[in-house]
Amino acid sequence: MGDWTRALTPAEQTVVQAAREKAYLLYEGKVTPHRSCGIAMAETFGRPTPAYQVLRRGGLTGFGPCGVLQGARMILGELLGDPDPTGPVTAQLRSAITEIEARIPSRMNRQAAQGE
């Protein structure tokens, strides 16, 4: 995993909290019209939304992977990836994706979500 063990600075905590609040407001649908989790992720991080539309309802069909996790991967790729399409994966992107993949099991209970 990446070196994500240090405590966040107060400024970093403020950024994280603001992102959480914005994504929640966009997804919740009370203050503004509801966005799918993928669109909410894109808008939260100021990314163009068209590609994120495929993340609705489990990849439009209901059988795809979690939209928020896929959206997070895509945003990390946009922000941390090498802009050269033939370039190597950056260390920052690999570290961030490794961290997400390691945390998924402890943060997501698919059985509860599926009513099993």
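## Overview of the chain

Contact here means heavy atoms within 4.5 Å. On that basis, residues 24 or more positions apart account for 38% of the contacts in the chain with a separation of 6 or more. The structure is a predicted model, in which local features need pLDDT of at least 70 and side-chain atom pairs count only at pLDDT 80 or more, while totals for chains, interfaces and linings use all residues. Residues are numbered from 1 along each chain as its sequence is written, and side-chain values use heavy atoms, with hydrogens and water left out.

The chain contains 6 helices and 0 strands, and its pattern along the sequence reads α-α-α-α-α-α. Helices (H or I, at least four residues) and strands (E, at least two) are DSSP runs, numbered from the N terminus. Of the 116 residues in the chain, 23% are buried; buried means under 20% relative accessible area, exposed over 50%, and partly exposed in between, with a 1.4 Å probe and protein chains only.

## How helix pairs are described

Two packed helices are described by the angle between their axes and the distance between the axes. The axes are lines fitted to C-alpha atoms, for helices over the stretch in contact, and the angles run from 0 to 180 degrees between N-to-C directions. Angles under 35 degrees count as roughly parallel, over 145 as roughly antiparallel, 65 to 115 as roughly perpendicular and the rest as oblique.

A crossing is left-handed if the near helix is turned anticlockwise from the far one by less than a right angle, and right-handed if clockwise. For residue classes, Ala, Val, Leu, Ile, Met, Phe, Trp, Tyr, Cys and Pro count as nonpolar, Asp, Glu, Lys and Arg as charged, and the others, Gly among them, as polar.

## Helices α1 and α2

Helix α1 spans residues 10-28 and packs against α2 at an angle of about 140°, with the two axes 9 Å apart. The helices α1 and α2 are therefore oblique to each other, and α1 passes α2 in a right-handed crossing.

From α1, the contact draws on A19, K22, A23, L26 and Y27; from α2, it draws on C37, A40, E43 and T44. These residues of α1 and α2 comprise 6 nonpolar, 1 polar and 2 charged.

## Helices α2 and α4

Helix α2 (residues 37-44) also packs with helix α4 (residues 67-80), at an angle of about 30° and with axes 8 Å apart. The pair α2 and α4 is therefore roughly parallel, and the crossing of α2 past α4 is right-handed.

On the α2 side the contact is formed by C37, G38, M41 and A42, and on the α4 side by G67, V68, G71, A72 and I75. The contact of α2 with α4 holds 6 nonpolar residues, 3 polar and no charged.

## Helices α4 and α5

Between α4 and α5 the packing angle is about 165°, and the axes are 9 Å apart. Helices α4 and α5 are therefore roughly antiparallel to each other, with a right-handed crossing.

In α4, the residues L69, A72, R73, L76, G77 and L80 meet Q92, L93, A96, I97, I100, E101 and I104 in α5. This contact of α4 with α5 has 9 nonpolar, 2 polar and 2 charged residues.

## The nonpolar core

A nonpolar core is a set of buried Ala, Val, Leu, Ile, Met, Phe, Trp, Tyr and Cys residues joined through side-chain atoms within 4.5 Å. The largest one has 13 residues, and Y52, L76 and I100 have the most contacts inside it. The elements α2, α4 and α5 (91-107) each give two or more residues to this core. Beyond neighbours within four places in sequence, I100 is in contact with L69, A72 and L76.

## T90 and L80

T90 is found in the loop between α4 and α5 and is buried, with a relative accessible area of 17%. Not counting residues up to four places away in sequence, T90 touches L80, G81 and D82. The C-alpha atoms of T90 and L80 are separated by 7.0 Å, although the residues are 10 apart along the chain.

L80 itself lies in helix α4 and is partly exposed, with a relative accessible area of 30%. With residues up to four places away again not counted, L80 touches T90, Q92, L93 and A96. Its C-alpha atom is 8.7 Å from that of A96, 16 residues away along the chain.
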